[in-house]
Amino acid sequence: MSTPAKISLRNVHKAFGAKKVLQGVDLDVAAGSSVAIIGGSGTGKSVTLKCILGLLTPDQGSIVIDGLDMTTASRSDHEAMLAKTGMLFQGAALFDSLSVWENVAFGLIEGKGMKPKLARDLAIARLADVGLDADVANLSPASLSGGMQKRVGLARAIATEPEILFFDEPTTGIDPIMGDVINDLIVKCTRELGASAVTITHDMASARKIADRVAMLYQGKIIWDGPVSEIDQTDNPYLQQFVAGDIEGPLDLDLKHL
Amino acid sequence: MPIFAPVGRMFLSFLALVGRVTVFAGRTIGHMIAPPIYFRLIFKQMREIGYFSLPVVAMTTLFAGMVLALQSYSGFSRFSAESAVATVVVISMTRELGPVLAGLMVAGRVGAAIAAEIGTMRVTEQIDALVTLSTNPFKYLVVPRVIAGLITLPILVLIGDIIGVLGGYLVGVNKLGFNEASYIRSTFQYLEQLDVVSGLVKAAVFGFIITLMGCYHGYNSRGGAQGVGQATTNAVVSSSILILISNYVVTELFFTR
């Protein structure tokens, strides 16, 4: 890789009891690049993301971010890493007890100690970046549609101008048109910030649009990793089947009970 | 032995639970004394736990004081000790009924609400979101609730004690024919500072237990709506049992000489 890796995973293992979810994940995310981790349900995409963020501790292996191994880093180093990351959750994970602008400004007020009035102005600017009017700022997250909640989640993720962005299934649960709007916003925001991005998705249209590189996770390992432009030329039968969405193929789809 | 194996498993899982709750309590206390402290959230929780629990505590203690006056009068009249009614009401309310009834009512109202709110935050990834926004969930969610419980329960119990005594007074004067002035004099004649203080200490202990159990079960809930429902039930049941156990322990500490 020509540019130094912003995030580097080596031989990452994670098991829950007898269930081995990650069995030696190796992955590099170059600075300023956007990587999509694709794979079927239950292949460990979310677990990989949670291990990178430190929400789960891997059983084995290293996760190096900006040259620092997060599996052995101190709490302050870990907090410093989180301060330069933003995350869009699958269900947006907006705080019900706070208004929309308070959600967007949360990282600015609680994480960076910004005065609420200034943070509110910035939050409204961020809402505008994701195509939402200032009118929604005082609403409760529960009163928004799924697509609007995702956009608020995106505004919250980019509010602190992070160096690294994580997107967990950004288009899941919303209609294809709104999904495309979210994809465009992710591309725009990531480029404007110059951030490195990791997206986990099973939506190939989303992966093609958002990512520079695609890594396919299957049975706890990355089985294919390459530029997004090479997806359709690959001779990897697993990736071919996943991209085509075929039932027949080498992927074990666990459909025994159907 | 097939008979002993399940018993042993249950005992071991109980010990593991005690260990997890103890570690959770230790972490909570550690975060309570280390900055940052979210005072704004503490005041908000004091309003939720204290102010909004006032009606239910007031109703409970009012009728407890009233029934206590009635029962003790009918019982004491068997050996001509009716004059002790006011003293019995005030000592029972301050030492036992005030803190225990308020504790149990707040456990049902607040403990369940805390477990449901934090449990929902857990299963909807809001707690993970807090972490990614550089905010410690323990400091942001658990500590304000526990501090608010520690402060507001004694205040609630003090108010409940007064209302309970008032209930006894209303029945004593209006139904049982006591003289107003003599009932009030009897109320304060044998009341000691320790009676009230021990009740307030119990209330603080119960406040800690209720909020800690609510937070613990909510924080560790798993498995969607069913998990949140289970967490809510566990929070109320465990805090109610612990209130009754700790009530005995604190009574031992104060009154065994």
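Predicted model: local features only at pLDDT ≥ 70, side-chain atom pairs only at ≥ 80, totals over all residues.
The UniProt annotation "transmembrane region", from an unreviewed entry, covers four spans of chain B: residues 49-70, 146-171, 200-219 and 231-250. Residues 200-219 of chain B are 100% helix and 0% strand. The end C-alpha atoms of that span lie 28 Å apart. Residues 231-250 of chain B are likewise 100% helix and 0% strand. Here the end C-alpha atoms are 27 Å apart.

Chain B has nine helices and zero strands. Read from the N terminus, its elements run α-α-α-α-α-α-α-α-α. The C-alpha trace of chain B spans about 65 × 55 × 35 Å along its principal axes. Of the 257 residues in chain B, 45% are buried. Contacts within chain B were also sorted by sequence separation. Among those between residues at least 6 apart in sequence, 88% join residues at least 24 apart.

Chain A carries an annotation of its own. UniProt, again in an unreviewed entry, places the feature "domain: ABC transporter" at residues 7-244 of chain A. Over this span the chain is 38% helix and 26% strand. The end C-alpha atoms of residues 7-244 are 29 Å apart.

One sheet in chain A was traced strand by strand. This open sheet has four strands in the order β2-β1-β4-β5, with antiparallel pairing. Strands β2 (19-30) and β5 (68-69) of chain A stand at the edges, and each has a single partner strand, so one side of each is left without a neighbour in the sheet. In general, strands of a sheet pair through backbone hydrogen bonds, in either a parallel or an antiparallel sense.

Within the sheet, strand β1 (residues 5-16) of chain A pairs with β4(A) over five bridges, in the antiparallel sense. A:Leu9 has A:Ile63 in β4(A) as its bridge partner. A:Val64 is bridged to A:Asp69 in β5(A). A:Ile65 stands opposite A:Leu68, also in β5(A). The two strands β4(A) and β5(A) form a hairpin with two residues between them. In the turn, A:Asp66 has a positive phi of about 50°.

Helix α1 (residues 45-53) of chain A is mostly covered, with eight of its nine residues buried. The buried residues of α1(A) are A:Lys45, A:Val47, A:Thr48, A:Leu49, A:Lys50, A:Cys51, A:Ile52 and A:Leu53. Just after α1(A) comes A:Gly54, which takes a positive phi of about 85°.

The two chains meet in a contact that takes 15 residues from chain A and ten residues from chain B. Three elements of chain A, α2 (75-83), β6 (85-88) and α3 (100-111), each supply at least two residues of the side of chain A that touches chain B. The largest share of that side, four residues, comes from α3(A). By class, the side of chain A that touches chain B has nine nonpolar, four polar and two charged residues.

Key
Residues numbered from 1 in each chain as written. Chains lettered and ligands numbered in written order. Pairing = 2+ DSSP bridges. UniProt positions renumbered as here; feature names shortened; annotations may be inferred. Contact = placed C-beta atoms within 7 Å. Nonpolar A, V, L, I, M, F, W, Y, C, P; charged D, E, K, R; others polar. Buried ≥ 20, exposed ≤ 12 C-beta atoms within 10 Å, placed from the backbone.
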